[in-house]
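Visitor: I would like to learn how to read a fold from its coordinates. Please walk me through one.

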Amino acid sequence: MNTVDNASLHHAILTSIVERGYAPEPDELAERFEAPLEEVERALRALHDDHGVVLHPFSTKIWVAHPFSCAPTGHVLRRGDRVWWSNCAWCSLGGAALLGGEVTIHTTLGGEERPIELRVVGGELLDTGYVVHF
């Protein structure tokens with residue numbers, strides 16, 4: 001049996017999202033950690049309380065695992081022919097860092113409706129002309 005702590009649980013969830021494009025179900029996590037489902041569900045609720053994930057209301061299914069969203073959003077990360085969602089442009093940069101390689105972020109600026117693309121290659125943001133100086 002492996003320890004189901006916040007760090008190992010969050011790592012397992014993010015690994016699944018990066019590799020498969022979606023979050024694991026609680027029973028998959030129980031199998032991975034060789035732990036009872038009830039223990040994994042308690043751990044998921046604790047991770048939710050610590051803001052590591054957002055669970056669906058009245059459920060232990062994963063809705064958000066920062067920096068990724070498990071539901072469609074207006075912030076799309078694309079690497080090759082694969083797609084992931086994030087919750088905001090800032091989270092998209094974190095997602096691009098986790099994905100590695102060449103990632104294009106499709107998003108909008110603030111409250112604007114004009115779509116933009118941000119390219120991240122090897123962890124470096126190439127499109128920097130969108131920075132606002134106050």
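Visitor: How many helices and strands are there in the protein?

Guide: First, the ground rules. This is a predicted model, where local features need pLDDT of at least 70, side-chain atom pairs count only at pLDDT 80 or more, and totals for chains, interfaces and linings use all residues. Residues are numbered from 1 along each chain as its sequence is written, and side-chain values use heavy atoms, with hydrogens and water left out. Helices (H or I, at least four residues) and strands (E, at least two) are DSSP runs, numbered from the N terminus. The protein has four helices and eight strands. Along the sequence they follow the pattern α-α-α-β-β-β-β-β-α-β-β-β. The C-alpha atoms fill a box of roughly 50 × 30 × 25 Å along the principal axes.

Visitor: In what order do the eight strands form the sheet?

Guide: Start from pairing: two strands pair if DSSP finds at least two bridges between them. Here the order is 1-2-3-5-4-6-7-8, in an open sheet with antiparallel pairing. Strand 1 and strand 8 (124–125) are the edges, each pairing on one side only.

Visitor: How many bridges hold strand 1 and strand 2 in their pairing?

Guide: Three bridges pair strand 1 (residues 53–55) with strand 2 (residues 62–65), in the antiparallel sense. V54 has V64 of strand 2 as its bridge partner. The hairpin of these strands has six residues between them, and F58 there takes a positive phi near 65°.

Visitor: Which strand does strand 3 join by two bridges, besides strand 5?

Guide: Strand 3 (residues 68–69) joins strand 2 by two bridges, and the two run antiparallel. V64 has S69 of strand 3 as its bridge partner. Two residues lie between strand 2 and strand 3 in their hairpin. Strand 3 also has two bridges to strand 5 (residues 82–86), again antiparallel. There F68 stands opposite S86.

Visitor: What pairs with strand 4?

Guide: Strand 5 pairs with strand 4 over five bridges, in the antiparallel sense. H75 has S86 of strand 5 as its bridge partner. The hairpin of strand 4 and strand 5 has two residues between the strands, and G80 in the turn has a positive phi of about 65°. Strand 6 pairs with strand 4 over three bridges, also antiparallel. R78 stands opposite T104 in strand 6.

Visitor: Is L77 buried or exposed?

Guide: L77 counts as buried because its relative accessibility is 0%. L77 sits in strand 4 (residues 75–79). Contact means heavy atoms within 4.5 Å. Leaving out residues up to four places away in sequence, L77 touches a set of residues including W84, A96, L99 and I105. Across the protein, buried residues make up 35% of the 134 residues.

Visitor: At what angle do helix 2 and helix 3 cross?

Guide: Axes are lines fitted to C-alpha atoms, for helices over the stretch in contact, and angles run from 0 to 180 degrees between N-to-C directions. The axes of helix 2 (residues 26–33) and helix 3 (residues 37–49) come within 9 Å and cross at roughly 110°. Therefore helix 2 is roughly perpendicular to helix 3 (angles of 65 to 115 degrees count as such, under 35 as roughly parallel, over 145 as roughly antiparallel, the rest as oblique). P26, D27, L29 and A30 of helix 2 meet L37, V40, E41 and L44 of helix 3.

Visitor: Which residues of helix 1 meet helix 2?

Guide: S8, L9, A12, I13 and R20 in helix 1 meet E28, L29, R32 and F33 in helix 2. The axes of helix 1 and helix 2 come within 11 Å and cross at roughly 115°.

Visitor: Where do helix 1 and helix 4 lie on the strands?

Guide: Helix 1 (residues 6–20) lies across strand 1, strand 2, strand 3 and strand 5, at about 140° to strand 5. Helix 4 (residues 89–99) lies across strand 3, strand 4, strand 5, strand 6 (102–108), strand 7 (115–121) and strand 8, at about 20° to strand 4.

Technical notes: Buried < 20%, exposed > 50% of the residue type's maximum accessible area, 1.4 Å probe, protein only.
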